[in-house]
Structures are given as C-alpha cells and as structure tokens.
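These are my notebook entries on one structure.

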Amino acid sequence: MENLGYYNGETGPIEEMKVPMDDRSSWFGDGVYDATISADHIVYALEEHVDRFFNSMALLKIEPDFTQKELAALLSSLVKKVDSPVQMVYWQVTRGTAPRAHAFPQGARPNLWIFLRPWKTADPARGQKLVTVEDTRFFHCNIKTLNLIPNVLAAEDARKAGCDEAVFHRSGRVTECSRSNVHILKDGVFRTAPADSLILAGIGRAHIMALCGKLGVPVDETPFSVQEMMAADEVLITSSGVFCLAATHVNGMPVGGRAPALVGRLRDALIGELWDYIAARGGAARRGGPP
Ligand code: PLP
C-alpha cells in the first residue's frame with residue numbers, strides 16, 4: 001500500500017476513504033491533530049506527539065474513547081502496512097458526528113482520522129526563503145487545532161512569493177511560521193519565542209532547545225522582533241517534518257549565514273537523535289543524513 005487512510009477503524013487508500021458530512025470538522029474544524037514522521041516503519045518521537053495530542057484534546061474538552069497507549073499501538077501498527085519506510089504520520093480527532101449546531105453535541109463519540117503518506121525530508125543544503133506576514137491568528141495557537149486558515153493564507157503568500165515559509169509577526173514580535181517554529185542565533189545564543197498561547201510549542205523546538213543545553217549553547221526565550229531576525233547570525237526553522245533548516249532570505253533580503261558550523265552541529269545532533277531513537281526500537285542505526 002502506498003498511502004493509507006484510517007477513519008474510526010476503517011482503512012484503505014486515502015483516495016477511496018469516505019467520511020460523514022456531519023463530522024464536526026466539516027462545519028467547525030472542531031478537532032485537533034498531531035503529526036510526525038516514521039523511519040524504518042517506526043514512528044519517531046511517538047510518545048511526545050501522543051502526549052501533546054492528548055493535551056490538545058483536553059484543551060478543546062474533547063473526551064477520547066481510547067488511551068494514549070492504544071493510540072500509540074495503532075499508529076505503530078499502521079506504519080507497518082505501507083510500502084515506504086519513511087512516512088508523514090498524521091492523526092486527528094474531531095468532536096464527533098452530529099447535525100450542525102455550535103455547542104457540543106451530547107453523546108457524540110469522537111472520530112479518529114489517520115493518514116500516512118510517503119515523506120522525503122527537505123534537503124538541508126538548500127537555504128530557505130521566508131516572507132513575513134502579520135499574525136492575525138487567535139489566542140489558542142498553543143493548541144494544535146484544525147483551524148488553520150491564517151496559516152493556509154500565509155503559506156500561499158509564501159508560495160506566491162517563490163518562498164518556502166511565512167514568518168508570522170504580531171505587535172512587533174516574531175511568533176512562528178505557518179507550519180514550523182522559527183528561531184535565531186545571535187552571538188552564540190539560541191533565541192526563540194516563549195511557549196505561550198501565541199505559538200505552538202513544537203516538538204522540534206523542544207528537541208533543539210535540549211540539544212543546545214547539551215552542546216553548551218545558551219537558550220533565551222525572550223521574544224525577538226523582525227529587525228532582530230534580519231540582523232541575526234542565523235535564522236532557523238524547525239518542525240518534526242523538516243528537522244532544522246537555515247534561512248538565506250527574508251522578504252528577498254539576505255539573512256544569516258554567519259554561524260554555519262553551529263547550525264550544522266545542531267542539525268546533525270537532531271538527525272542523530274532520530275536514528276538513535278529508531279535503532280533503539282529495532283530499526284537500522286543509519287547515520288549521516290535526514291530520512
Ligand atoms: N508551528 C506550527 C504552526 C505548526 O503547524 C508546526 C508543525 O506542524 C510547528 C510549529 C512545529 O511543530 P513540531 O516541531 O511539533 O512539528
């Protein structure tokens with residue numbers, strides 16, 4: 001099987017899956033999701049992602065009818081059913097199926113969706129081009145909800161500008177990107193926006209911050225401005241899908257490129273962690289690059 005769709009226990013090729021029109025995602029985007037990749041048919045950082053997913057559900061007051069352990073076991077078994085060892089592993093839960101009415105439907109059971117598609121991590125040698133976009137999102141960015149319209153619009157702005165990602169800024173501070181976190185390196189310090197309700201606390205962000213600690217790189221969670229980003233030694237984006245990529249341009253102007261050795265150390269350490277995790281769970285102990 002090349003890709004896989006799952007909906008409440010049914011599986012099949014994504015193109016053939018059908019879902020009920022009254023699923024609350026259709027009317028309200030009423031759900032939360034999480035995503036990571038698999039390598040060697042093993043889901044990477046599974047426990048952290050499932051943990052965050054349960055936290056997102058709790059913040060949206062969605063009561064799951066499955067446990068963290070059951071979800072983890074399900075995802076681990078599904079990634080073995082697809083051909084490619086490297087997959088985007090995406091799952092979401094919606095509040096259930098009910099006629100359109102804003103308040104929570106009484107007695108509806110949550111719907112669990114999963115998809116798996118082959119994934120290729122972006123080439124870290126290619127510098128990222130970014131555009132800045134005003135952050136007009138709501139104050140629940142810490143919850144990984146399905147409500148991603150501003151992110152969709154920002155990603156389209158980036159695409160139209162021939163760029164890879166859009167950097168949100170709000171009231172003078174850089175928050176995050178449309179589908180990744182953004183950080184800067186300045187004078188040997190790793191600076192990243194604080195994990196408040198204006199950003200999603202990325203698992204890639206958590207990993208790179210922990211690695212900074214191990215490598216003796218100070219971490220500063222004070223918000224930074226667009227101007228500080230433009231003057232940084234390096235501008236980095238992280239996510240579970242891209243690991244760590246350095247930007248070369250923001251709004252067409254050159255940025256970063258002044259601490260490439262440190263970027264390389266951080267990226268190698270991040271990718272090294274992935275292969276250690278996979279090897280510890282019976283996969284190949286491959287070295288030397290992203291999956
Ligand atoms: N911020 C946003 C808005 C995202 O959508 C994502 C990933 O989907 C991230 C940050 C990075 O999160 P993670 O590192 O957990 O993939």
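This is a predicted model: local features need pLDDT of at least 70, side-chain atom pairs count only at pLDDT 80 or more; totals for chains, interfaces and linings use all residues.

Entry 1. Into which domains is the protein divided? I find domain 1 at 4-118 and domain 2 at 128-277. Their C-alpha centres lie 26 Å apart.

Entry 2. I then looked up the contact between the two domains. Domain 1 contributes 27 residues to the contact, and domain 2 contributes 20 residues. Between them, domain 1 and domain 2 bury about 1900 Å². Of this area, 66% is on carbon and sulfur atoms. Which three residues supply more than any other three of the area that domain 1 buries against domain 2? I recorded Tyr33, Tyr44 and Arg52, with 38% of that area. I also looked for salt bridges across the interface of domain 1 and domain 2, and the count is 0.

Entry 3. I turned to the aromatic rings. How many aromatic pairs does a search of the whole structure find? I recorded 8. One of them joins tyrosine 7 and tryptophan 113, and I class this pair as edge-to-face because the ring planes stand at 90°, with the centres 5.2 Å apart. The pair links distant parts of the chain, 106 residues apart: tyrosine 7 belongs to strand β1 (residues 4-7) and tryptophan 113 to strand β6 (residues 111-118). Is tyrosine 7 buried or exposed? With a relative accessible area of 9%, tyrosine 7 is buried.

Entry 4. I next looked up phenylalanine 53 and tryptophan 91. These two form an edge-to-face aromatic pair, at 6.0 Å centre to centre and with 75° between the planes. Again distant parts of the chain are linked, here 38 residues apart. Phenylalanine 53 lies in helix α2 (residues 46-59), and tryptophan 91 lies in strand β5 (residues 87-94). I checked the accessibility of both partners. Phenylalanine 53 has a relative accessible area of 0% and is therefore buried. Tryptophan 91 also counts as buried, at 0% relative accessibility.

Entry 5. Last, I looked for charges placed over rings. Where does the charged end of arginine 95 sit? I found it over the ring of phenylalanine 104, 3.6 Å from the ring centre. I also noted arginine 117, which lies over the face of phenylalanine 115 at 5.6 Å from the ring centre.

Methods
Residues are numbered from 1 along each chain as its sequence is written. Side-chain values use heavy atoms; hydrogens and water are left out. Rings of Phe, Tyr and Trp (its six-membered ring) pair if their centres lie within 6.5 Å; planes under 30 degrees apart count as stacked, over 60 as edge-to-face and the rest as tilted. Helices (H or I, at least four residues) and strands (E, at least two) are DSSP runs, numbered from the N terminus. Buried means under 20% relative accessible area, exposed over 50%, partly exposed in between (1.4 Å probe, protein chains only). A charge sits over a ring if NZ of Lys or CZ of Arg is within 6 Å of the ring centre and within 35 degrees of the ring normal. Domain bounds come from an automatic or database domain assignment. Contact means heavy atoms within 4.5 Å. Buried area is the accessible area (1.4 Å probe) that two parts lose on being put together, summed over both. A salt bridge is a side-chain nitrogen of Lys or Arg within 4 Å of a carboxyl oxygen of Asp or Glu.
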